[in-house]
Amino acid sequence: YVPETGPRVRVNQVGYLPAGPKNATLVTDATAALDWQLNNAAGDVVTSGRSTPRGVDAASGQNVHTIDFSAYTTAGTGYTLVADGQTSHPFDISGTLYRQLRSDALQFFYIQRSGIAIDGDLVGRQYARPAGHLGVAPNKGDTSVPCRAGSCDYRLDVRGGWYDAGDHGKYVVNGGIAVQQLMSSFERTKTAVTADGGAGLADSTLRVPERGNQVPDILDEARWELEFLMRMQVPAGKPFAGMAHHKIHDANWTGLPMQPEDDPEQRELQPPSTAATLNLAATAAQGARLFAPYDAAFSAKLLASARTAYAAAKANPAKLAQDLGGGGGSYGDNDVSDEFYWAAAELYLTTGEAAFLADVTASPHHTGDVFAATGFGWGSTAALGRLDLATVPSALPAADRQRVRQSVLTAADNYLATLEAQAYGLPMPGNAGSYFWGGNSNILNNVQVLATAFDLTGTAKYRDGAVRGVDYIFGRNALNQSYVTGWGEKASQNQHSRIYAHQKDAALPHPPAGSLAGGANAGLDDPYAKDLLAGCKPMFCYVDDIESYATNEVAINWNSALAWVASFLADQGAG
Ligand code: 9MR
C-alpha cells in the first residue's frame with residue numbers, strides 16, 4: 001500500500017503567524033542544500049533561501065531537508081513554498097489563523113453530548129439529532145442503569161455527559177482529563193498574563209444552547225460532563241459509597257453507523273474504581289472553584305462530591321478497574337498514584353486546606369518527573385496536577401512553588417530540544433515508541449507544557465516551540481496530512497464514528513470541523529490498519545478510513561488537548 005502524499009514540500013497547511021516561526025520539511029533524494037522560494041498568491045517570489053539537509057528521518061524513513069522562512073512576516077493568503085521542483089499546498093500567514101479553531105475544537109463537545117437533542121441551528125443541520133440514551137425505545141438507557149453481571153443491587157440515573165469517541169460509551173477516567181482540559185483552558189485566561197482575558201471563551205461565543213446565561217460558555221460545556229461524573233458516584237449506604245463507577249457502556253458492541261437514539265443495547269455500569277473516583281474528586285474540585293462566582297450552589301455541590309470521592313478513594317486506595325467485558329473500551333489503569341496526586345492538588349488549590357497540601361507534598365509525584373517524553377494522557381495524570389500547581393494562585397510555600405514552576409520549564413526545554421531534533425518539528429522522540437493509539441493528543445499535550453512555560457515566563461522560545469509543535473498536526477508530516485477535520489488542504493474526514501459515518505452512508509455527515517484524529521499508530525491495533533499498513537514506518541501508520549479505529553477515531557480527550565492548544569494559539573495572534 002503506497003499512500004498518495006502529494007507535493008514533497010510539507011507545510012502547516014493552515015499557515016503561520018506573521019511574527020511566529022515558519023518551518024517546513026522537504027522530502028528529497030538530494031543530500032546537499034537546495035534553493036527554496038516563497039511565492040505569494042499571485043505567483044511572485046517574495047523571499048528565498050537554502051534548505052538544511054537533515055539526513056534520514058527515523059520515524060518516516062525519508063531523506064529530508066528543513067526550510068526556515070521565519071524571517072518573512074507579511075500577512076497574506078495563498079502562499080506556496082517551492083523547492084526541488086515541488087510546490088507545497090497553499091497556506092496563509094495571518095494573526096487570526098487560529099481564532100476560529102478555538103470554537104471549532106470546542107463545538108465537538110456539544111455535538112458529542114448524550115441525553116440532549118443537538119440543535120442544528122447552532123452547529124449545522126447535518127449534526128441535528130434527537131436526544132440519545134434517555135430510555136426512549138429502542139434505547140435502554142441511561143436513566144436507570146443496572147450494574148453488569150449483578151455486581152450491585154441498585155440502578156443509577158447516569159444520563160448526560162459526552163459520548164467518549166466513535167462509540168457510545170461514557171468512561172469516567174477519560175471524561176475526567178477531557179473536562180479538566182476544558183476547564184483549564186478557561187482557567188488559563190484568568191491566570192496567565194499572556195492570555196487575552198478569555199475573549200474567545202466568554203459568554204455567547206460558543207455554539208452551546210446555554211449561551212446567553214451569563215456563565216462562560218466553556219463552563220456550560222464543562223458542566224454537562226461534571227453533572228454526569230457526579231451521577232456516576234455510588235450512593236450513600238451502598239458498598240463503596242462515594243466512589244465512582246469506572247464506566248457505563250453497551251453490553252455488546254454495536255456496528256456503525258449507529259445513531260445514539262437508535263442504540264438498542266442494554267446499558268451497564270461497570271464496578272467502581274479508585275481511578276474513576278479520583279478523576280471525579282479532581283475535576284469536581286476544580287469545577288468548584290471555577291463555578292463559585294457564577295453558581296454558588298453548584299460550586300458547593302461539586303466540592304461536596306469531590307470531598308466525598310477523595311475520602312472514598314483513600315478508604316479504597318487499590319480498587320483497580322475491573323473489566324467485566326461487554327461493548328466498551330477497557331480504560332484499565334494499574335497505577336493510581338498519579339490520580340491521587342492530581343486530586344490532592346485540585347482539592348488543595350480549591351480549599352487551601354493543610355490536609356490536602358500534606359497529601360500533595362507526600363506524593364512521590366510531587367518531586368518526581370511527571371513530564372514523560374511521550375506526554376501525559378488519561379492514564380497518567382500527574383502532569384495535570386503539576387501544571388495547575390504551577391499556574392493557579394495558591395499559598396503553596398515559596399520554595400515549593402518555585403520548584404514546581406521550574407519543573408514545567410525544564411520539561412519545556414526538553415520538548416524544545418526534541419522538536420529541534422525532529423526534521424518534522426514535532427515534540428516527540430523519533431522512534432516507534434512515540435507513535436501509539438491517540439498519540440496526536442500526546443503531541444498536543446506536550447505543546448500545552450511548552451505553552452504553559454510561556455505563560456509562566458513570557459519567554460519567546462517557549463511560545464515559538466508551542467507554535468512550531470502544531471505544524472505536524474496540520475500537515476507538516478510524512479503523509480502531508482492535516483489531522484483536524486476542515487482545517488488544511490488535505491484533512492482527516494473519515495474518522496471512526498457511529499454518528500458521523502459519512503463513509504458508510506452518504507446521508508450522514510463527516511465529523512464536524514475541528515475534530516482531531518488519533519493519528520499514526522505503529523502498534524496497528526485494529527484489523528483494518530494491520531492488514532493495510534503492515535510494515536509501515538511509524539509516521540506512515542495512519543489511514544483516513546472509518547474502519548481504522550486505532551489510527552483514525554475521534555475522542556473527547558484528544559479534542560480537549562486540541563481545544564486547550566487552539567485557545568492558546570488564538571491568543572498568540574499578534575505574535
Ligand atoms: O484512547 C485510548 C487509548 O489510549 C488506548 O490505548 C485504547 C485501547 O485500550 O483505547 C483508547 O480509547 C478508546 C476506548 O477504549 C473506547 N472508545 C474509543 C477510544 C478511542 O479510540
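These questions and answers walk through a predicted model.

Reader: What average pLDDT does the chain have?
Author: The model is predicted. Of the residues, 100% score at least 70. For the complex, the predictor gives an ipTM of 0.99 and a pTM of 0.99. The chain average is a pLDDT of 97.

Reader: How many residues does the largest nonpolar core have?
Author: Some residues have the most contacts inside this core, including A281, A284 and A306. L450, L562 and V565 are also on that list. The largest nonpolar core has 151 residues.

Reader: Which residues is L562 in contact with, leaving aside its neighbours within four places in sequence?
Author: L562 is among the residues with the most contacts inside the largest nonpolar core. Neighbours within four places in sequence are set aside here. The contacts of L562 are then A105, L444, V484 and L516.

Reader: How do the residues of the shell around the ligand divide into nonpolar, polar and charged?
Author: The residues around the ligand include D164, D167 and E553. Also around the ligand are G169, G329, S330 and G438, as well as A165, Y331, W437, Y549 and A555. The shell divides into 5 nonpolar, 4 polar and 3 charged.

Reader: Why is helix 5 largely enclosed by the rest of the structure?
Author: Helix 5 covers residues 274–291. From first C-alpha to last it reaches 25 Å, close to the 26 Å expected at 1.5 Å a residue. The helix is largely enclosed because its buried residues number 17 of the 18.

Reader: Which helices do the buried residues of helix 11 pack against?
Author: Helix 11 has 24 residues, 398–421, and reaches 35 Å, close to the expected 34 Å. Its buried residues include V404, V408, A411, Y415 and L419. The buried residues pack against helix 10 (382–391), helix 12 (439–457) and helix 13 (460–469).

Reader: Is A199 buried or partly exposed?
Author: A199 is in the loop between helix 3 and helix 4. In space A199 is 8.9 Å from D571, C-alpha to C-alpha, though the two are 372 residues apart in sequence. A residue needs 20 or more other C-beta atoms within 10 Å to be buried, and 12 or fewer to be exposed. A199 has 13 C-beta neighbours inside 10 Å, so it counts as partly exposed.

Reader: Where is the cis peptide bond with omega near 5 degrees?
Author: Most peptide bonds are trans. A cis bond joins G141 and D142, with omega about 0 degrees. D142 sits in the loop between helix 2 and strand 11, and P138 is in the loop between helix 2 and strand 11 too. The bond with omega near 5 degrees runs from A137 to P138.

Reader: What is the phi of H133?
Author: Most residues other than glycine have a negative phi. H133 lies in the loop between helix 2 and strand 11. H133 is buried, with 26 other C-beta atoms within 10 Å. Its phi is positive, near 60 degrees.

Reader: Is L524 buried or exposed?
Author: L524 is in the loop between helix 13 and helix 14 (527–533). L524 is not a glycine, yet its phi is positive, about 40 degrees. The cut-off for burial is 20 or more other C-beta atoms within 10 Å. L524 has 20 C-beta neighbours inside 10 Å, so it counts as buried.

Methods
Residues are numbered from 1 along each chain as its sequence is written. This is a predicted model: local features need pLDDT of at least 70, side-chain atom pairs count only at pLDDT 80 or more; totals for chains, interfaces and linings use all residues. pLDDT is the predictor's confidence in each residue, from 0 to 100. A nonpolar core is a set of buried Ala, Val, Leu, Ile, Met, Phe, Trp, Tyr and Cys residues joined through C-beta atoms within 7 Å. Two residues are in contact if their C-beta atoms, placed from the backbone, lie within 7 Å. A residue is near a molecule or strand if its C-beta atom, placed from the backbone, lies within 6 Å of it. Ala, Val, Leu, Ile, Met, Phe, Trp, Tyr, Cys and Pro count as nonpolar, Asp, Glu, Lys and Arg as charged, and the others, Gly among them, as polar. Helices (H or I, at least four residues) and strands (E, at least two) are DSSP runs, numbered from the N terminus. The expected span of a helix is 1.5 Å times one less than its number of residues.
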